[in-house]
Amino acid sequence: RFIRKDKSFSITDFSIVNKYNYEDYTRSDLDSGRVYNVAEKKVPSVTTILSKTQSKEKRESLDKWRERVGYEEAARITKQASTRGTEMHHVLEQYLKGIGYLNLSKSGALPRMMAHTIVSNLDQLSRVYGTEVSLHYEDQWAGSSDAVGVYNGKPTIIDFKQSNKPKREEWIEDYYYQIAAYALAHKKN
């Protein structure tokens with residue numbers, strides 16, 4: 001979306017404010033899961049912890065899906081969704097930085113449309129304090145929130161999700177835990 005102000009155009013109408021001095025952690029993928037390198041410590045990622053603490057029912061439902069569609073097809077679908085999600089996140093990150101990004105390739109079309117759907121719902125975003133914000137909580141967990149800012153007048157932790165189809169709320173309970181973990185880490189630091 002383009003916004004005209006006097007004789008200039010921008011792609012955002014929120015302010016980008018460097019309110020916090022966020023650290024930037026590197027991350028590693030180990031056999032045990034993803035970890036963030038915080039100082040000299042390897043701190044497990046929130047998503048790794050949530051994955052390892054999934055209910056038996058959720059693990060079984062994923063296993064049944066893999067069996068139903070076939071393991072090769074499940075791997076293909078998972079890889080495609082991951083690639084699409086990465087591209088969608090890149091579009092959104094550039095938007096939140098006020099830069100803009102346009103991938104006109106065939107593979108960029110769907111992620112771009114998904115990102116634009118999200119952007120059309122960000123009209124209440126008034127400030128962005130950071131994107132890809134590294135957070136950790138007392139060396140217990142760490143992660144990277146897509147953005148931190150002010151939405152609808154309230155301090156907000158933002159983490160974008162993409163899906164091929166709508167999900168029931170009980171299927172996304174981990175998303176709430178992830179945001180809660182990020183909020184605790186942000187408040188602590």
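Some ground rules before we start. Because the model is predicted, local features need pLDDT of at least 70 and side-chain atom pairs count only at pLDDT 80 or more, while totals for chains, interfaces and linings use all residues. Residues are numbered from 1 along each chain as its sequence is written, and side-chain values use heavy atoms, with hydrogens and water left out. Helices (H or I, at least four residues) and strands (E, at least two) are DSSP runs, numbered from the N terminus.

Let's begin with strand β5, residues 33-38. Five of its six residues are buried, where buried means under 20% relative accessible area with a 1.4 Å probe, protein chains only. On one side, β5 runs antiparallel to strand β4 (residues 26-30), joined by five bridges; I call two strands paired if DSSP finds at least two bridges between them. Asp 29 has Arg 34 as its bridge partner, and the hairpin from β4 to β5 passes through two residues.

β5 also pairs with strand β6 (residues 41-44), again antiparallel, over four bridges. There, Val 38 is bridged to Lys 41. This hairpin has two residues between the strands, and Ala 39 takes a positive phi near 55 degrees.

Next, the open sheet. It has four strands in the order β3-β7-β8-β9, with mixed pairing. β3 (15-16) and β9 (154-158) are the edge strands, each pairing on one side only. Strands β7 (residues 125-137) and β8 (residues 141-151) are antiparallel and share 10 bridges, with Leu 135 partnered by Gly 143.

Across β3, β7 and β8 lies helix α3 (residues 71-96), at about 120 degrees to β7. That angle is taken between N-to-C directions, from 0 to 180 degrees, using lines fitted to C-alpha atoms, for helices over the stretch in contact; contact means heavy atoms within 4.5 Å.

Finally, helix α5. Its 16 residues (173-188) should span 22 Å at 1.5 Å a residue, and the end C-alpha atoms are 23 Å apart, which agrees; the expected span is 1.5 Å times one less than the number of residues.

So which residues of α5 are buried? They are Asp 174, Gln 178, Ala 181, Tyr 182, Ala 185 and His 186.

Conventions: Buried < 20%, exposed > 50% of the residue type's maximum accessible area, 1.4 Å probe, protein only.
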